[in-house]
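Morning, everyone. Let me put the model up, and then I'll go from one residue out to the whole assembly.

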Amino acid sequence: MATIKELEVLEEIETGKKYSRTSLYKDAWKRLRRNKLAMLGLSIVILLILIAIFAPLIAPYDPILRIKEDSSLGPSINHLFGTDLLGRDIFSRVIYGSRISIEVGVIAVGISVIIGLFFGALSGYFGGISDAVIMRIADIFFAFPYILGAIAIMTILGPGIVNIFIAIGILGWASIARIFRSSILTIKNKEYIEAARALGASNNRIITKHIFPNSFAPIIVYATMNVGTAIIVEAALSFLGIGVQPPTPAWGKMLADSMAYIDNAPWMMFFPGLAILITVLGFVLLGDGLRDAFDPKLK
Amino acid sequence: MAETDNNKILEVKDLKTYFYTEDGVVKAVNGVSFDLKKGETLGIVGETGCGKSVTALSILRLIPQPIGRIVGGEIIFEGKDLLKLGEKDLQNIRGNRISMIFQDPMTSLNPVYTVGNQVMESLVVHRKLKKEEARRESMKLLEMVGIPEFKRRFNSYPHEFSGGMRQRVMIAMAIANSPSILIADEPTTALDVTVQAQILELMDELKYKTNSSIIIITHDLGVVAKYADRVMVMYAGRPVEFSSVDNIYYKPMHPYTIGLMKSVTRLDEKKREKLKPIEGLPPSLIDLPECCIFRARCKYICDECKKEYPPLIEIEKDHFVSCYRGREFMEGIIERFGN
């Protein structure tokens, strides 16, 4: 008779719970956890996301509420980051501004990843004419300076948050497609892909089940870093006045508005600038750490 | 004979697979014909680049496109010509009715999935089993191929397995749907000798259990001697001799086969003699000559083989040779193993 304890062990063996296993992604996570800078980046990113989600709970004031008598105050207990020209609390505005940045970062990069993966897969897996056409179009996109392209698209579409998503999303696809194509080209000739084909797997199945999971690592790395870039581009567009429209608080716009008063009221510019810096730094550190984690040979 | 005809499970007729490269057309397989009987193990031997693997890949239509193309011939399997089937029908045959084991088990498994998962795949793809059923079924398969502690190992990743164990997993995947033909493309080349023997024993055992036929591709003549029933010897994209394993080993009739036999080390050799390699190198598969392709390296050339390539003729029952002087070997006019 087996005791209860033994039965439990058997059950665990049966379900494979107890047996240590190390998948590619688990391994990467282990290495990532040992990397202090990457963990700092990850903490910044998580903190930022929490701030964006709980902005109404954290911000002491309404970000667009004007208090006339409080105009242009320096940092104090009441207004941690001071107030701007119109008497709005800069701390609250910076808090709310994180929402725009995170949204742009995630959604715009999401759009470029989706477009990029689709065309990258098409180009890398099937090759031939589709490959040539897609890669030449990608070349055209590379030929445009990023900001200039964004300005051009925004001018056509007009300002507004949704248009920023579209502009940055469309501009980013080419690099994703390139990276994905190249990793597909390497994976596609591996023997296990041939083995899968010999097993009778369809093209769809081979792409989604065998090629995707193996070529995802560089995409994750690039997308993470690209979130930082997207945030900067959004800030730049807002700075130039063709991005997010007032009174919605956006860090880039806040910089632009306070530029003229940098001598008299430096806090107006300092805090939004710092927010952009920390955010982008967070994503870049995380991306850097991810790259090392996925490729332990790289040092 | 009607009875033997019914026994044929696969028939390849005049298969031609060419590769269109920048340097010219590489005639990798240039007119290969053979048949495979039910329950039989067929060995295909020949040196590197003689078209063994390409023949195997052609059967499953896995030739890398668009460089490679099957330009002629027929592959009859279960009454259908595989060369005329659409991609969908082919997918139903691959891994289901005909499956394949590859040379290097180290790279033939997908590193991101557990081995159990990969064995399940062929069950899910072909038999549309539910996850639980597929799980149970693949555990059975892993047990069958002799994975120790298969219940635990089910959830391990390929890199946690040794080469021999991975090849066992590959075999489990290949036999999952009890295929009627198992093609093994140098299944033991990447393994060390003791493991080789285990894997080959396993394949042989499973052949009897599942009543399937095996095509084993190798350049190891020892492997062929032990496991194959019939042997096809290939040279430069063509079969040069095709017969039972005994005939090939004891009564070879093609100068190339004879040369191969002479270049094998034998434990039972009384005198300590030097191995006798075949002189020269195999020809480039681009611009093949009109004459016999082995002529440049052959000691027994005649006038006829200068003019045209000798056809594969049945010189005695079930013994095919493509040499004009095959009969002289058979009748002992030329001493085979002399100098």
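Start with A:Leu32. A:Leu32 sits in helix α2 of chain A, residues 24-34. Helices here are DSSP runs of H or I with at least four residues, strands are runs of E with at least two, and both are numbered from the N terminus.

Before I go on, the ground rules. This is a predicted model: local features need pLDDT of at least 70, side-chain atom pairs count only at pLDDT 80 or more, and totals for chains, interfaces and linings use all residues. Residues are numbered from 1 along each chain as its sequence is written, and chains are lettered from A and ligands numbered from 1 in the order in which they are written.

Buried takes 20 or more other C-beta atoms within 10 Å, exposed takes 12 or fewer, and partly exposed is in between; C-beta atoms are placed from the backbone.

What does A:Leu32 touch, beyond residues up to four places away in sequence? A:Ala38, A:Gly289, A:Leu290 and A:Ala293. Contact means C-beta atoms, placed from the backbone, within 7 Å. A:Arg291 is 259 residues from A:Leu32 in sequence, yet 9.1 Å away, C-alpha to C-alpha.

Now the core. The largest nonpolar core has 166 residues. A core is a set of buried Ala, Val, Leu, Ile, Met, Phe, Trp, Tyr and Cys residues joined through C-beta atoms within 7 Å. Helix α5 of chain A, residues 90-126, gives the largest share, 14 residues. Domain 1 (2-228) and domain 2 (235-330) of chain B both contribute, so the core lies between them. Those bounds come from an automatic or database domain assignment. Among the residues with the most contacts inside the core are A:Ile168 and B:Ala172. Outside four places in sequence, B:Ala172 contacts B:Val119, B:Leu141, B:Leu142, B:Met144 and B:Val145.

Next, chain B overall. Chain B has 13 helices and 12 strands. Of its 339 residues, 45% count as buried. The C-alpha trace spans about 65 × 50 × 45 Å along its principal axes. Among chain B contacts with a separation of 6 or more, 63% join residues 24 or more positions apart.

Last, the interface. The contact takes 22 residues from chain A and 29 residues from chain B. On the chain A side, α9(A) gives the largest share, 6 residues.

Methods:
Contact = placed C-beta atoms within 7 Å.
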